[in-house]
Amino acid sequence: MIVDEVNGFCTVGNGPLAPAAPNAQVDQMIAETVWLARRFEAAGWPILAFLDTHTPGKAEPPYPPHCEIGTGQENLVAELEWLGLAQDATLIRKDCINGFIGAIEPDGRNRLLDWIAANGLKSVLVVGICTDICVMDFVLTLLSARNHGMAGDLEDIVVYEPGCATYDLPLAVARDLGLPETAAHPQQQAHHVGLYLMASRGAVLAGELAL
């Protein structure tokens, strides 16, 4: 499962929530995700990618407009564009932080839960951005769904740390921008807070993988 590795969050200068300059953590996340996705494709294993996608003018507080339809920010980064044609890949566009909620259809059906059931999954592997926002909210909700018997035979939700990233907004920069101090978001600390909270709720954290 790939969470929001779209231009609006990952490609330098591509929107208000994209990196302002090259970022090592984001670059590592993309490289690790491409490696994993290629391995999954070669093995014929299912891949699901969430793409943050918003209707222009429809706000998502507290964030500024981002990943709006037609801007290109809502599309997968160049390194992952091939997933759109991959036989075993499913792409879900979501208009909210939480992919579980974003997968709910107007008739109440949940595309994510349907995908898990259709593939008979007992384990899922999660990567993406932001570790402490979209990734964390999604993982915590999926853990709760699993605990309440809503996710079929799903047992393990594994979060691959090198394949996750978040954004960097140091306190000094937030002050210089005239933002409240609560807007500060130090990348490494926020990344590990997200990891800690997911692990504390029952996610399995992985620092390396053997496939």
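**Entry 1: helix α4.** I began with the buried residues of α4, which are L112, L113, W115 and I116. Seen down the axis of α4, these buried residues fall within an arc of 160°, so they line one face of the helix. On the face of α4 turned away from that buried side I found the exposed residues A117 and A118. I then looked at what covers the buried residues of α4, and the cover includes β2, β3, α3 (99-102) and α5.

**Entry 2: ground rules.** A note to myself: this is a predicted model, where local features need pLDDT of at least 70 and side-chain atom pairs count only at pLDDT 80 or more, while totals for chains, interfaces and linings use all residues. Residues are numbered from 1 along each chain as its sequence is written, and side-chain values use heavy atoms, with hydrogens and water left out.

Buried means under 20% relative accessible area, exposed means over 50%, and partly exposed lies in between (1.4 Å probe, protein chains only). Helices (H or I, at least four residues) and strands (E, at least two) are DSSP runs, numbered from the N terminus. An arc is that of the directions from the helix axis to the C-beta atoms.

Entry 3: Next I checked N119, in the loop between α4 (111-118) and β4. N119 is partly exposed, with a relative accessible area of 34%. I also took a distance: the C-alpha atoms of N119 and L80 are separated by 22 Å, and the two are 39 residues apart along the chain.

**Entry 4: helix α7.** How many residues does α7 have? I counted 14, and α7 reaches 20 Å from its first C-alpha to its last, close to the 20 Å expected at 1.5 Å a residue (the expected span is 1.5 Å times one less than the number of residues). The buried residues of α7 are Q187, A190, H191, G194, L195 and M198. They cover an arc of only 135° around the axis, which puts them on the same side of α7. The face of α7 turned away from its buried side carries the exposed residues Q189 and Y196. The cover over the buried residues of α7 includes α2 (24-43), α5, β5 (156-165) and β6 (204-206). Just after α7, I noted that G202 takes a positive phi of about 120°.

**Entry 5: α5 against α7.** I fitted this pair next. The axes of α5 (residues 131-147) and α7 (residues 187-200) come within 9 Å and cross at roughly 5°. That makes α5 roughly parallel to α7. For the record, axes are lines fitted to C-alpha atoms, for helices over the stretch in contact, and angles run from 0 to 180 degrees between N-to-C directions. Angles under 35 degrees count as roughly parallel.

Which residues make the contact (heavy atoms within 4.5 Å)? From α5 I listed T131, D132, V135, M136, V139, L140 and L143, and from α7 A190, H191, G194, L195, L197 and M198. By class, this contact has 9 nonpolar, 3 polar and 1 charged residues. Here Ala, Val, Leu, Ile, Met, Phe, Trp, Tyr, Cys and Pro count as nonpolar, Asp, Glu, Lys and Arg as charged, and the others, Gly among them, as polar.

I zoomed in on T131, which sits in helix α5. T131 is buried, with a relative accessible area of 0%. Leaving aside its neighbours within four places in sequence, T131 is in contact with M136, C164, A165, T166, H191, G194, L195 and M198.

Entry 6: Most residues other than glycine have a negative phi, and most peptide bonds are trans. I looked for exceptions. A cis peptide bond joins P61 and P62, with omega about 5°, and P62 is in the loop between β2 (47-52) and β3 (89-94). Another cis bond joins I129 and C130, with omega about -5°; C130 lies in the loop between β4 (123-129) and α5.

D4 lies in the loop between β1 (2-3) and α1 (7-10) and counts as buried at 0% relative accessibility. C67 is in the loop between β2 and β3, and C67 is buried too, with a relative accessible area of 0%.

Definitions and conventions: Angles under 35 degrees count as roughly parallel, over 145 as roughly antiparallel, 65 to 115 as roughly perpendicular and the rest as oblique. Contact means heavy atoms within 4.5 Å.
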